[in-house]
Amino acid sequence: MKTKSIIWIVIFVLVIAALNVVAFAGINIAGYSYGGVFDKDQGIKQGIDLAGGSIITFVAEDENLVPSKEQMDVVRSIFNARLLGKGYTENSISIDGNKITVEIPSVFDTDEAANLLGSTAQLTFRDADGNILLDGATDIKSAKYEFGPVASNSNSIPHVIVEFTPEAVEKFADATAAAVARTSEGKNYISIFMDETMISSPMVNEKIDSDSCVISGSFTPATAKDLANQIKSGQLPFKLSILTKDSIGPQLGEKALPSSITAAFWGILFIMLFMILIYRLPGLVSSIALAFYIALVAFIIGIFRVNLSLSGIAGIVLSIGMAVDANVIVFERIKDELRLGKTVGASVDAGFNRAMWAILDANITTLIAAVVLYFSNIGTVKGFAITLIIGTVVSLFTAMFVTRFLLKQIVNLNIKNRFLYGVKGESKNV
């Protein structure tokens, strides 16, 4: 039993070391290349406050036109969809009257950025085979968000009502009839595309020969409003011209990344020393688990090329605190059980079982808050939410599984001295 536990601990330490090397230094195996979190081409995408980028201001082409807030929201939805489609999750879009300013990190070719945003949006309705059925510019009259029942006997839900031009009514009736006929193939749906990005794919259950249709599904009010705006964008009522476009270098965060890494290194080192000093063996185990946590978070944000800004770094720091806090809760429960005279093995099991629900509650409520922040559609806030979600999920995994696994291996080594588990008083075996 002791030999097996030693082998497991050694294997786990080697896995953590290898994961850290892959996460930070990169790897190239069998044609697959990953450059590590700091690789500019394959690693983290830095936000505009860390890496600089382009700032472009658009204005309504007609100087006498004063667009409504609803119309400007449509433009915002188009820009946001295009930026997210290109992976720029840290974009910032602000509206000031008939002007809309967009900040795009790590893009220094302002002409490229302007073309990405300023080209005419093409909205199309397509069948399961990709054939274009309706064109948003000519066939869609309007689209609006509503909250209410979609049928006489249904509950109130968020949905979108799309109205067609007279010429499009017959085309849509034929399209829905054809979709219903393909129900047995699982192809009874019509997809809505913005440029070449699919924004919705509602199922068709019956032929629709009216001048409007209802799109319903797993919508929130916010996502239903976004869909309505995106559908309406196929017939944008005004054109935009570029007022200004500038390429800027890093702002306040020019030296933030290296200084944050240095601060994080010393902070994590002090945390590890504190945990070992207070909790001894469990503290050592938590330090190993924290090293695993850091490597896994770094690997995830690198492999998925998460846009990282100063707010995103704050999300990571907060999740590190939660990872340590979960271990503190568990270890205090273990100390309580040891003081009651239980064996080390029984105390470890009871400590994790008693702490489980407290840890789950804390992490679930944090995840709910992070998800709400993510759907705020504010670039820097979304960056914070993304790193907080990743960090919280990984911290929950390391606290409930990795730390527990390693601590069980320590117990299997038959180390029973209470002092080594952080319990003060006479050192004795139990």
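**A buried asparagine, then helices and strands**

Guide: Asn327 has 7% relative accessibility, so Asn327 counts as buried. Bear in mind that this is a predicted model.

Visitor: Which helix is Asn327 found in?
Guide: Helix α10, residues 310-339.

Visitor: And what does Asn327 touch?
Guide: Met275, Ser286, Ala399 and Thr403. That leaves out residues up to four places away in sequence.

Visitor: Switching to helix packing. At what angle do α1 and α9 cross?
Guide: Roughly 30°, and their axes come within 8 Å. Here α1 covers residues 2-25 and α9 covers residues 281-303. Angles under 35 degrees count as roughly parallel, so α1 is roughly parallel to α9.

Visitor: Is the crossing left-handed or right-handed?
Guide: Left-handed.

Visitor: Which residues meet there?
Guide: From α1, they include Phe12, Ile16, Leu19 and Asn20. From α9, they include Ile288, Phe292, Leu296 and Phe299. The contact of α1 with α9 divides into 14 nonpolar residues, one polar and no charged.

Visitor: Now the sheet. What's the strand order?
Guide: β9-β10-β13, an open sheet with antiparallel pairing. β9 (140-149) and β13 (212-216) stand at the edges. Each has a single partner strand, so one side of each lacks a neighbour in the sheet. The twist averages 25° from one strand to the next.

Visitor: How many bridges join β9 to β10?
Guide: Nine, with the two strands running antiparallel. β10 spans residues 156-164.

Visitor: What's the bridge partner of Gly148 in β10?
Guide: Ile157.

How values were computed:
Residues numbered from 1 in each chain as written. Predicted model: local features only at pLDDT ≥ 70, side-chain atom pairs only at ≥ 80, totals over all residues. Heavy atoms only, no water. Axes fitted to C-alpha atoms, helices over the stretch in contact; angles between N-to-C directions. Helix = DSSP H or I, 4+ residues; strand = E, 2+ residues; numbered from the N terminus. Parallel < 35°, antiparallel > 145°, perpendicular 65-115°, else oblique. Left-handed = near helix turned anticlockwise from the far one by under 90°. Contact = heavy atoms within 4.5 Å. Nonpolar A, V, L, I, M, F, W, Y, C, P; charged D, E, K, R; others polar. Buried < 20%, exposed > 50% of the residue type's maximum accessible area, 1.4 Å probe, protein only. Pairing = 2+ DSSP bridges.
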